[in-house]
Amino acid sequence: MPNRTGLLALTALLAAPAAFAELPQRLEPVEVYADRPQQAPGSRAVLDAQLIADTAADRPAEILNQAPAVNIQMNSGQEHLIAIRSPVLTGGAGQGSFLILENGVPIRSPAFGNVNSLIEPHHEVADAIEIVRGPGSAKYGSNAVHGLLNFILPDAGSPQSARLSYSTLGRLRGDASVNLGAATRLNLSLMEDEGWRDDTGSQQQKLSLVTQADLAGWDASFWLAASSLNQETASFIQGPGAYKDRDLSETNPNPEAFRDAWSARLGGRLSRELGPGTLTLLPNLHSQAMIFSQHFLPYGGVEKNAHTGGGVLARYEFASTGPVQWRLGADTDFATGYLREIQPQPNANPAFPQGIHYDYTVDTAVFALWAEADWQLTGSLRLLAGLRGETHSYDYTTRAPTGINGRFNVTPDRTDDFTFLTPKLGLVWDQSWGALYANYARGARAPQVSDLYRLQNRQIAGEIDTETLDSLEIGARGALLYGHLTFDVAAWWMEKENFFFRDSDGLNVTEGSTRHVGIDAEATLKFSPTLSATGNLAWSDQTYTFNRPVVAAQERIVSGNRIDTAPEWLGNARLDWQASPALKLSLTLDHVGEYFMDPANTVTYPGHTVLGARAGYVFTDGLEGYVILRNLTDEKYADRADVGFGQPRYFPGEPVNAAFGLTKKF
């Protein structure tokens, strides 16, 4: 384990005086960075800086699951899987169905996703996190299929802070966000985790730097962000209801499992007035590498992957003499990456031969043009229409012998291309209390590199097509009871085609189709200036709409089956009481409903409800002490439950634990 010098050095910041003059309040960050008007049609939630600070999330799920229809499953350590108005998706579907942004810029090139990509953004100190539910491809491109998450880094205009905490599970953490002058902000997060399960220690470091400048008439901001994770990983525990056994939950059947990863990103935003409108350029570079053991597969492979890419996003916004505001864009991205998978040990099953399974490099290029028209039809009715055209090209080269080797199929060198259009059309009808909205949007994703070239013996190279999702939603948002109640509620229907996924037998399915319907809502009720309640609730019915006969695999899928790991109900609630000017108390509830663990709908997980609490006391001069209690009732539950290769398996949830911390704001 590394030394704790970096963490302990943060304690000096807790008592530091306010050394920097207060800067003017900047514009609302999501407006600035995401280029998405707050009153656009469609469903959107924003987790603000205060909620992020109060939650003090050690893992992304702890903060993100407070948004409607979001279900981030925690696995081991910092590992996780994402759902936004969707099942919890794995493999290529999990990599490519959710677009992750930082200051409005994708953190990865489209074809090189990672189901664990939320380990990379600096969520610990974020100024805001924007979650868009439903397709965003018409503006943001490939991968914004079920939704997107946008992490806004704090800059020199945000309040400064430093925090140090320690958990009863052996988790030591420090965060700092401080100014290095009038226009530059340094953000740092360090964590050392002993791990509550056997052999699961980890160390994580994140750094981000944001600076602003006036460059020859351009209003410019630049940011650098980097992360590093060294993790000993626990694997699934197996057997029906295994998560209910606390002793078994603390074990690690694969103590040799690990995950080491790093990432770095450099981005910029340059804006200036040009002609009748504003031109914005967003140049960006990103690089990442990861090596990990595939403890979730029966042959225990080791994978190493990496990619480096970048490009420019260009936007031009202007208003004509009429009631229409135009937004035009052109995006490029170029990347090169590789993947190597090796099975170190022999396996009794001849489908999993020892040695190299895959070893390839891929170069990709993406070009896109898009346009949006925001038309004020009447004084209270607006129409928003958009269309994006996008093309992806792949150049694949293998270093492994070609042909079928057990379950694995190495295709010869080849090139592939995908082109698609993604439209959207929405209406917003403004009312005195808020607005009604209706929205149609198409989401699409070109295949991930792993979809195309990590083939199995029953697949044929080139058979995978662009995945599409068509979505309709209607909703209402606004404020009632003289502003004491704010709300946003939406009903939605989605159809997905060319769904590519891996079933519980570990076999790839290339031409799936699914239907998704649901309702999600969030609301905040202020009972008094000191007492408020916030909550969200989501119901969904998500089903397969194709048949897969039993001859294709051991696992049969019938049209109408519920999609596995798609809970019918999700809920989250929070009660905040400012008991005195110095003391703030909070209670939280997180609910995950029952769901099927396999596509054949033969095994279920009953769901769970987990309670939490927080108490914070401000002593003086912005110095706050706090305690956060997680899993207050010591519920025995599973963060993830599925069936793998015929066996029920689980990632158990943490037992009751407490985190004690100090925060200094200045």
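Start by selecting Q238, which stands opposite R649 in β36. Strand β36 covers residues 647–652 and runs antiparallel to β13, with two bridges joining them. For pairing, DSSP has to find at least two bridges between the strands; helices (H or I, at least four residues) and strands (E, at least two) are DSSP runs, numbered from the N terminus. Now widen the selection to the open sheet, whose three strands lie in the order β13-β36-β35 with antiparallel pairing.

A few notes before moving on. You are looking at a predicted model, where local features need pLDDT of at least 70, side-chain atom pairs count only at pLDDT 80 or more, and totals for chains, interfaces and linings use all residues. Residues are numbered from 1 along each chain as its sequence is written, and side-chain values use heavy atoms, with hydrogens and water left out.

**Colour by confidence.** The chain averages a pLDDT (the predictor's confidence in each residue, from 0 to 100) of 92, and 94% of the residues score at least 70. Residues 1–32 fall below 50, yet this stretch has 68 contacts in the model beyond near neighbours in sequence. A contact here means heavy atoms within 4.5 Å.

**Salt bridges.** There are 45 salt bridges in the structure, each a side-chain nitrogen of Lys or Arg within 4 Å of a carboxyl oxygen of Asp or Glu. Pick R171 and D193, whose side chains form one at 3.0 Å, N to O. R171 sits in strand β9 (residues 171–179) and D193 in strand β10 (residues 184–193), 22 residues apart, so this pair links distant parts of the chain. Both ends are buried, R171 at 4% relative accessibility and D193 at 7%. (Buried means under 20% relative accessible area, exposed over 50%, partly exposed in between, using a 1.4 Å probe on protein chains only.)

Next, show R382 and D374, joined at 3.3 Å, N to O; both residues are buried. Then go to R442 and D470, which meet at 2.9 Å, N to O. This pair also spans distant parts of the chain: R442 is in strand β23 (residues 434–445) and D470 in strand β25 (residues 467–480), 28 residues apart. R442 is partly exposed at 26%, while D470 is buried at 17%. Finally, select D58, R59, E62, R163, R171, R173, D175, D193, R630 and E654: salt bridges with shared partners join them into one network.

**A buried loop residue.** Select E79, in the loop between β2 (73–74) and β3 (80–81). E79 is buried, with a relative accessible area of 5%. Its side chain makes a polar contact with that of R259 at 2.9 Å; such a contact is a pair of N or O atoms within 3.5 Å, and within protein one must be able to donate a hydrogen and the other to accept it, while residues adjacent in sequence count only if both atoms are side-chain atoms. Beyond four places in sequence, E79 also touches N116, Q231 and H295, among others.

**The cores.** In the largest nonpolar core, of 33 residues, L47, I63, L64, I129 and I131 touch the most other members. Such a core is a set of buried Ala, Val, Leu, Ile, Met, Phe, Trp, Tyr and Cys residues joined through side-chain atoms within 4.5 Å. Centre on L47, whose contacts beyond four places in sequence include I52, A67 and A128. Your last stop is a second, separate core of 24 residues, including A111, Y396, V449 and I464.
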